Amino acid sequence: MVSRLRIAIPIAAALALVIVPSLAPAARAQTTVTSDPPASFTLANGLQVVVIPDHRTPVVTEMIWYKVGSADETPGKSGLAHFLEHLMFKGTAKHPAGEFSQTVLRIGGNENAFTSVDYTGYFQRVPREQLAGMMEFEADRMTGLILKDENVLPERDVVLEEYNMRVANNPEARLIEQIMAALYLNHPYGRPVIGWHQEIEKLDREDALAFYRRFYAPNNAILVIAGDVDAKDVRPLAEQTFGQVAPQPAIPAQRIRPQEPEPVAARTVTLADARVEQPSLKRYYLVPSAATAAAGEGPALDVLAQLMGSGNNSYLYRALVVDKPLAVSAGAGYQGTSLDATQFSISAAPKPGVEFSQIEQVIDRVIAEVCQNPVRSEDLERVKTQLIAEAIYAQDNQATLARWYGGALTTGLSIEDIRSWPDRIRAVTADQVRAAAQKWLDKNRSVTGYLIKDTTAKREEKRS
């Protein structure tokens with residue numbers, strides 16, 4: 001729904017409508033600031049429940065994560081996962097449309113929903129004593145959704161308008177859409193989460209219901225409860241609500257998707273738009289995710305991204321903005337939270353009069369230096385400290401804790417992977433960083449996108 005806030009991950013799912021924190025991938029969580037570690041148990045119907053105690057305030061966050069996203073859609077039905085997310089607020093036989101949201105509002109809580117390439121989720125943040133009611137509502141709509149054409153078709157128009165607002169009228173989003181389509185030749189990550197316009201406009205009630213019945217089930221979901229609760233209190237509530245929902249036996253234990261062939265050629269994309277005021281360059285490399293990387297590679301890529309493009313002391317920022325001012329901004333990032341191969345990104349916005357070729361020469365030089373020379377020990381320790389500190393500070397928000405665990409668990413990681421992340425960051429060596437750069441920042445693995453201002457329309461106006 002347009003009124004629901006969604007925060008986009010800037011790399012892997014720039015067009016996705018998701019809420020995983022952008023300052024750190026899910027695997028960046030450290031041992032929590034609470035006194036008790038997360039507890040996990042699985043109900044008889046296959047629902048995994050994770051409880052993250054945080055007793056600082058009498059508030060609780062409930063998140064239900066479904067292990068289905070845009071990459072799981074049937075070809076030709078792009079946008080279906082996100083469309084269904086909208087429709088999940090249309091009510092059930094037990095709770096008519098609007099009752100769930102009105103209840104959350106009445107008790108002073110807040111709610112949201114999100115869709116990504118790998119998962120779809122729904123959450124409420126409410127006073128502790130309201131948790132049982134929220135769990136009952138959420139369990140009911142896991143299988144009780146009622147859809148009618150009179151509310152499905154108008155909601156499709158809402159999604160189309162959302163597409164226009166977020167993509168069609170946003171040149172940078174459109175460029176990322178095109179880069180992703182060029183980066184993924186075979187994998188469904190190349191489809192935008194919101195969908196292709198011509199396919200969205202054909203989605204209907206039967207499409208949504210078929211998708212819902214296929215994927216929305218307890219054995220394809222993870223329930224994350226964070227806040228002023230303990231597992232011993234949550235378990236009976238989960239049994240009474242979600243535990244009564246039958247599993248879907250047709251859901252496979254593991255998601256199998258088409259995988260990318262080994263990249264063999266660098267690609268470029270140029271998007272010209274009359275609305276562009278600041279040209280920009282973006283380069284995406286195909287790299288392993290935290291779930292698919294070899295031992296030590298994921299943390300090394302995290303450190304490499306921090307070294308190259310996070311903050312005023314990063315290599316790219318100093319080379320492009322400070323030492324030889326060619327750009328107004330420069331950065332890099334690694335989106336580790338992904339079920340399959342993901343992206344390492346580099347971006348820069350050139351100053352007026354600076355050519356993209358000048359920017360790329362500097363980028364290539366910085367990468368070559370990282371590949372050839374060991375990272376200075378003081379730089380390595382600085383960025384590792386920054387990464388761990390960011391994770392610690394971010395844990396001040398219980399919803400962030402829930403997002404970390406849900407995002408990680410739905411993309412192939414474990415609770416231990418999340419909690420041990422700081423130790424693995426501390427263990428990253430200069431040789432591992434250099435090896436990661438050498439192996440993965442190969443230009444043949446990349447797509448470079450150029451966003452430029454289209455002056456053709458103005459020239460045509462003058463002629464007329």
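Entry 1, the largest pocket. I sorted the lining of the largest pocket by class and found 12 nonpolar, nine polar and eight charged residues. I noted that I am working from a predicted model. The lining comes to 29 residues, and those that lie nearest the centre of the pocket are D72, Q254, R255, I256 and L339. For the space in this largest pocket I wrote down about 650 Å³.

I then searched the whole structure for cavities of 30 Å³ or more, and the search returned three. The largest cavity has a volume of about 110 Å³, and its lining is made up of 15 residues, with M88, G91, H95, F100 and R141 nearest its centre. Looking for the elements that give two or more residues to this lining, I found α2 (99–106) and α3 (131–143). By class, the lining of the largest cavity holds six nonpolar, five polar and four charged residues.

I turned next to α9, which runs over residues 297–309 and has 13 residues. From its first C-alpha to its last, α9 reaches 18 Å, which is close to the 18 Å expected at 1.5 Å a residue. Is this helix enclosed or open to the outside? I found that 13 of the 13 residues of α9 are buried, that is, under 20% relative accessible area, so the helix is largely enclosed by the rest of the structure. Just after α9, I came to G311, which takes a positive phi of about 95 degrees.

Methods
Residues are numbered from 1 along each chain as its sequence is written. This is a predicted model: local features need pLDDT of at least 70, side-chain atom pairs count only at pLDDT 80 or more; totals for chains, interfaces and linings use all residues. Side-chain values use heavy atoms; hydrogens and water are left out. On a 1 Å grid over the protein atoms alone, a cavity is a set of points where a 1.4 Å probe fits but cannot get out, and a pocket is an open set with protein on both sides within 12 Å along at least five of seven lines; lining residues have an atom within 4 Å of a point. Grid points are joined across faces, edges and corners, and a volume is the space filled by probe spheres set on the points. Ala, Val, Leu, Ile, Met, Phe, Trp, Tyr, Cys and Pro count as nonpolar, Asp, Glu, Lys and Arg as charged, and the others, Gly among them, as polar. Helices (H or I, at least four residues) and strands (E, at least two) are DSSP runs, numbered from the N terminus. The expected span of a helix is 1.5 Å times one less than its number of residues. Buried means under 20% relative accessible area, exposed over 50%, partly exposed in between (1.4 Å probe, protein chains only).
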